[in-house]
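Please examine the model shown below.

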Amino acid sequence: MKALRLLRWSGSVLSPRTRPCLFHLLQPPLSNRRLLSATISSLQEAIQYQNQDQDPEEDPWGSSQGHEDDDLVIPEDMPQSLQQEARLRALPSPPLSAVRSSAKLAALHARLSFTPRLPIESLARCLVDATADPNPDFNNTSLAILGRDLYGYYTSEAILCRYPRLPTAVVFAAMSAYTGPKTLTQITQEWGVELVAEPGGEVDPGYLQCRREDSMLRKKHSPDSDTDLPPMVGKGQPSIVGANRPNADQKTWRRGVSSMTVYDDEFGDLVKDSTRGAKNQEPTTSVEDACARFVQAVMGAVYLHRGKHAAKMFFKEHILSRHLNVGKMFEFKQPTRDLSRLCAREGFESPVARILSETGRLSRHPVFIVGVFAGREKLGEGAGSSLNEARIRAAVGALKGWYLYSPLDVRVPSDVEGANTRPWKPVLIDIGEIIV
């Protein structure tokens, strides 16, 4: 078969990118490119000089899109297209004029089923991280703070009203499973949002604008590194310096569940800065933190533009609709002892393990079924290859049956906000988990 030479085909078949006669039109001449590079450098130097001369109290965030570039001189002999490109490259994030012409942003707006009540400009602002544009008038910091509080409020009331007897550690784990950084990163990928390699004014507004940290810094702050602190700090372990806690320099003090509720975040983790960077360097962030702030900012934008009802429906559709098996989050160290303490606290009789049935006792694979009883009431049962294993599983089943209690008609406080709603019926408030 004779090979075909595509470059000899007709110009009507070839696209402008592959036509040999148009290669010189795809990039500016060398002289114009040098002029463009010099102009961009001069614009950046002028912005830095302007930041040094101005009063920090007037604008602590530095220059951004809100500053006029009338004082920045651009050569008049430069072509109009290069002048526009020079102005765009001098901006830290895409301008508002490019929002309406972005196909990726319009597709994201339609993919999330947003109405015109939520402007596409607000969605574009949700995609600008503080590490890309430090100006709070153009990044998603304020929207992310509001969205994070709304996520925490809606998630906590949904978990506590549905499972009022859950231990605090399991509540923290469920909160992280619903609205943690890893979950929000997965939601960002499901929405089809891509991260930009390097933020700038010439980038499509449909990309998530953030400045990522390098590989060495990411390895240093990874969960497997030695710099991150364990969930419980005890004797001989590193101190909790940098956390939002009193006496954080004490190395022998431990982090209890009560102090985690008071001083730590909604997931029971230490409060620490999500943006990293040296003193004289640009701040950076991880991909998970940037994606989490984006999803939180979208929630804040929905709440501001469309109201509480739309925000609650958005939360149910994208967060609460995910299946979460809370029963697999329990981890009991001594379930038989915990069950005995629980029965003593609630006034039940002491639990007794009784064998219900067995098969193959003398074989290689015996199966024993053991039940745990408090008087005549069976609290739980479990099966195992030995009597001890079956007894422990029965105790675990009894504890899960107590902690996973859920009322039939589950209502949350946010359901009665507004007019024409049913009166609020108080929910069960448990006294707490077992303290051993």
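Q: Which residues of helix 13 are buried?
A: This is a predicted model, in which local features need pLDDT of at least 70 and side-chain atom pairs count only at pLDDT 80 or more, while totals for chains, interfaces and linings use all residues. Residues are numbered from 1 along each chain as its sequence is written, and side-chain values use heavy atoms, with hydrogens and water left out. Buried means under 20% relative accessible area, exposed over 50%, and partly exposed in between (1.4 Å probe, protein chains only). By that criterion, the buried residues of helix 13 are Ala390, Ala394, Ala395, Val396, Ala398, Leu399, Trp402 and Tyr403.

Q: Against which elements do the buried residues of helix 13 pack?
A: Helices (H or I, at least four residues) and strands (E, at least two) are DSSP runs, numbered from the N terminus. Packing is judged by contact, meaning heavy atoms within 4.5 Å. The buried residues of helix 13 pack against helix 12 (335-346), strand 4 (367-374) and strand 5 (377-384).

Q: What distance does helix 13 reach from its first C-alpha to its last?
A: Helix 13 covers residues 387-403, a run of 17 residues. The expected span of a helix is 1.5 Å times one less than its number of residues. Close to the expected 24 Å, helix 13 reaches 24 Å.

Q: How many helices and strands does the protein chain have, and what share of its residues is buried?
A: The secondary structure comes to 13 helices and five strands. Of the 436 residues of the protein chain, the share that counts as buried is 38%.

Q: Is Pro199 buried or exposed?
A: Pro199 is placed in the loop between helix 7 (181-190) and helix 8 (215-220). Leaving aside residues up to four places away in sequence, Pro199 touches Pro92, Ala132, Gln209, Cys210 and Arg211. Because its relative accessible area is 10%, Pro199 is buried.

Q: How far apart in space are Pro199 and Cys210, C-alpha to C-alpha?
A: Cys210 is one of the residues that Pro199 touches. In sequence, Pro199 and Cys210 are eleven residues apart; in space, their C-alpha to C-alpha distance is 6.1 Å.

Q: Which residue forms a salt bridge with Glu198?
A: A salt bridge is a side-chain nitrogen of Lys or Arg within 4 Å of a carboxyl oxygen of Asp or Glu. The closest N and O atoms of the Glu198 pair are 3.4 Å apart, and the partner is Arg211. Both residues lie in the loop between helix 7 and helix 8, so the pair ties together parts that are 13 residues apart in sequence.

Q: How many residues apart are Glu190 and Arg322?
A: The side chains of Glu190 and Arg322 meet in a salt bridge of 2.7 Å, N to O. This pair links distant parts of the chain, with Glu190 in helix 7 and Arg322 in the loop between helix 11 (308-320) and helix 12; the separation is 132 residues.

Q: What is the relative accessible area of Arg361?
A: Arg361 meets Glu358 in a salt bridge of 2.7 Å, N to O. Glu358 is partly exposed, with a relative accessible area of 37%. Arg361 is partly exposed as well, with a value of 46%.
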